[in-house]
Amino acid sequence: MGMSVTISAAAGQDAEQIFRLQYLCFQSEAALYGNYRIDPLVQTLDSVREEVAADCVFVARLGDEIVGSVHGRITEEGAAAIGKLCVHPRLQGHGIGARLLRAAESALAGERGARTFRLHAGHRSESNLRLYSKVGYQRVGTSQGADGVPVIVLEKQAQAYATTA
């Protein structure tokens with residue numbers, strides 16, 4: 001009998017599993033750009049703990065194992081910055097990433113008053129860009145990450161959440 005994946009808010013005790021999952025999942029992104037200094041790979045465990053305590057972090061669980069996570073926070077201008085979306089490589093392509101995004105969007109809009117959702121994707125990250133487009137995000141510009149990777153900036157209005165949820 002198989003188990004189903006559940007989505008829930010992260011708790012403090014989840015930080016270590018999130019930390020390890022990010023490190024595993026973002027290896028492929030780092031290889032894609034030849035840059036192993038991207039944020040999820042150099043982030044400290046203490047920093048992950050701080051994010052879980054202060055921000056909007058959701059996890060996907062398969063039994064006791066965390067198999068996906070996403071991070072969101074409200075910026076100074078009231079937009080929700082969503083990032084570090086990751087799903088364990090063996091479970092990618094089954095809708096878990098979209099479910100995590102919906103959970104984060106719901107909490108950020110409903111509980112924290114976000115009017116706009118914003119995220120960044122590496123310009124070569126085709127599967128990520130496809131997912132974001134599929135759930136209603138539109139390209140609004142480009143920038144360069146602190147790690148030097150060119151990124152595409154995508155946004156979705158919070159009221160659009162209801163139509164894609």
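**View 1. Ala 10, a buried residue in a loop.** In this predicted model, Ala 10 has a relative accessibility of 15%, so it counts as buried, the cut-off being under 20%. You'll find Ala 10 in the loop that runs between strand 1 (5-9) and helix 1 (15-25). Leaving aside neighbours within four places in sequence, Ala 10 is in contact with Ile 18, Val 52, Val 57, Phe 58 and Val 59.

**View 2. The buried side of helix 1.** Next, have a look at helix 1, where Ala 15, Ile 18, Leu 21, Gln 22 and Cys 25 are buried. These residues lie on the same side of helix 1, because the arc they cover around the axis is only 125 degrees. What do the buried residues of helix 1 pack against? Their partners are helix 2 (27-33), helix 3 (39-42), helix 4, strand 2 (56-62), strand 3 and strand 4 (79-87).

View 3. The structure has one cavity of 30 Å³ or more, and the volume of the largest cavity is about 50 Å³. Its lining is made up of Ile 18, Gln 22, Val 48, Glu 51, Val 52, Val 57, Ser 69, Val 70, His 71 and Lys 84. Helix 1, helix 4 (45-54) and strand 3 (65-74) are the elements that each give two or more residues to this lining. Sorted by class, the lining has five nonpolar, three polar and two charged residues.

Conventions. Residues numbered from 1 in each chain as written. Predicted model: local features only at pLDDT ≥ 70, side-chain atom pairs only at ≥ 80, totals over all residues. Heavy atoms only, no water. Helix = DSSP H or I, 4+ residues; strand = E, 2+ residues; numbered from the N terminus. Buried < 20%, exposed > 50% of the residue type's maximum accessible area, 1.4 Å probe, protein only. Contact = heavy atoms within 4.5 Å. 1 Å grid on protein atoms, 1.4 Å probe; cavity = no way out; pocket = protein on both sides within 12 Å on 5 of 7 lines; lining within 4 Å. Points joined across faces, edges and corners; volume = space filled by probe spheres on them. Nonpolar A, V, L, I, M, F, W, Y, C, P; charged D, E, K, R; others polar. Arc of directions from axis to C-beta.
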